[in-house]
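Here is a friendly walk through one structure, from a helix pair to a metal site and a few backbone details. Have the view open as you read.

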Amino acid sequence: MIVIKSQQEVDRMRNPCRMVAEFLQSMREVVKPGITTLELNQLAEQHCISHNAVPAFKGYGGFPFAICSSPNEVVVHGFATDNPLRDGDIISIDFGVLYDGFYGDAAITLPVGSISLEKQRLLKSTEASLYAGLEQVRPGAHLSDVSAAVQQVAERDGFSVVREFVGHGIGRELHEDPQIPNYGSPGTGPVLKQGMVLAIEPMINAGTRHVKILSDGWTAVTKDGRPSAHFEHTVAVTDEGYEILTCV
Ligand code: MG
């Protein structure tokens, strides 16, 4: 069942969403060669403490960190480590918080130092696929219009869409209905209504779409070892379109 939020509830979601966005924005300055993902995770924990918020992912199904930190071929759900990031890496950071009864969730992929042309294209295309999906969000649209728009951009650019992980509704729960695949044909699935709040999150691979899970039970990597990128926003369906809640 897809929960419709009142305007007051959407307004209450602005705080956790802004906290997430502010942290991810700060990462643009912080991420550089030499820093470790454990240090990034520590900063996320501090961000939560200073905002009286709860890190949403820590303890979720046993996940041990406040952020999912996923370098290079890691698609999503990477563990923080004490391995320094190196010049030429990319790092996906997915972060969520719970505040005042509601969740916010967003992700970005950042370059570490100077990155290859292929990685630049991958980051640009993945973010563009997210915005192409967002552009479909309005009352009366079908959910799969979003999915199809994401897929169209990623595949146009020669990349592939991960199937195993999808976006989701969000609100009083981190993961609510509906599931939001990043592929599919337009014109099917639930019809969007004002008051739905959606976390849309394409994960796009430079090589093939196939992934495997490492022995820690969480870390998803590309099967071919090529890089993967991830961008996510939490958005509300408004009376005539959408509003990004995870903005600063
Ligand atoms: Mg999410």
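## A helix pair

Let's start with a crossing: helices H3 and H4 cross in a right-handed way. A crossing is right-handed if the near helix is turned clockwise from the far one by less than a right angle, and left-handed if anticlockwise. H3 spans residues 117-134 and H4 residues 143-156; they pack at an angle of about 155°, with axes 7 Å apart. That angle makes H3 roughly antiparallel to H4 (angles over 145 degrees count as roughly antiparallel). Axes here are lines fitted to C-alpha atoms over the stretch in contact, and angles run from 0 to 180 degrees between N-to-C directions. Helices (H or I, at least four residues) and strands (E, at least two) are DSSP runs, numbered from the N terminus.

Which residues make the contact? H3 brings Ser125, Ala128, Ser129, Ala132 and Gly133, while H4 brings Val146, Ala149, Val150, Val153 and Ala154 (contact means heavy atoms within 4.5 Å). Seven of these residues are nonpolar, three are polar and none is charged. In this scheme Ala, Val, Leu, Ile, Met, Phe, Trp, Tyr, Cys and Pro count as nonpolar, Asp, Glu, Lys and Arg as charged, and the others, Gly among them, as polar.

## About the model

This is a predicted model, in which local features need pLDDT of at least 70 and side-chain atom pairs count only at pLDDT 80 or more, while totals for chains, interfaces and linings use all residues. Residues are numbered from 1 along each chain as its sequence is written, and side-chain values use heavy atoms, with hydrogens and water left out.

## The magnesium site

Asp105 (OD), His168 (NE2), Glu201 (OE) and Glu232 (OE) coordinate the magnesium ion at 2.1 to 2.4 Å. Along the chain, its donors follow the spacing D-x62-H-x32-E-x30-E (donors are N, O and S atoms within 2.8 Å of the metal, or 3.2 Å for Na, K and Ca; water is not among the atoms, so sites may look incomplete).

Aspartate 105 sits in strand S5 (residues 102-111) and glutamate 201 in the loop between strands S9 (197-200) and S10 (203-205), so this pair ties together parts 96 residues apart in sequence. Aspartate 105 is buried, at 2% relative accessible area, and glutamate 201 is buried too, at 5% (buried means under 20%, exposed over 50%, partly exposed in between, with a 1.4 Å probe and protein chains only).

## Backbone details

Most residues other than glycine have a negative phi, and most peptide bonds are trans. Asparagine 72, in the loop between strands S2 (67-71) and S3 (74-76), has a positive phi near 50°. A cis peptide bond, with omega about 0°, joins aspartate 177 and proline 178; proline 178 lies in strand S8 (residues 176-180).

Key
Angles under 35 degrees count as roughly parallel, over 145 as roughly antiparallel, 65 to 115 as roughly perpendicular and the rest as oblique.
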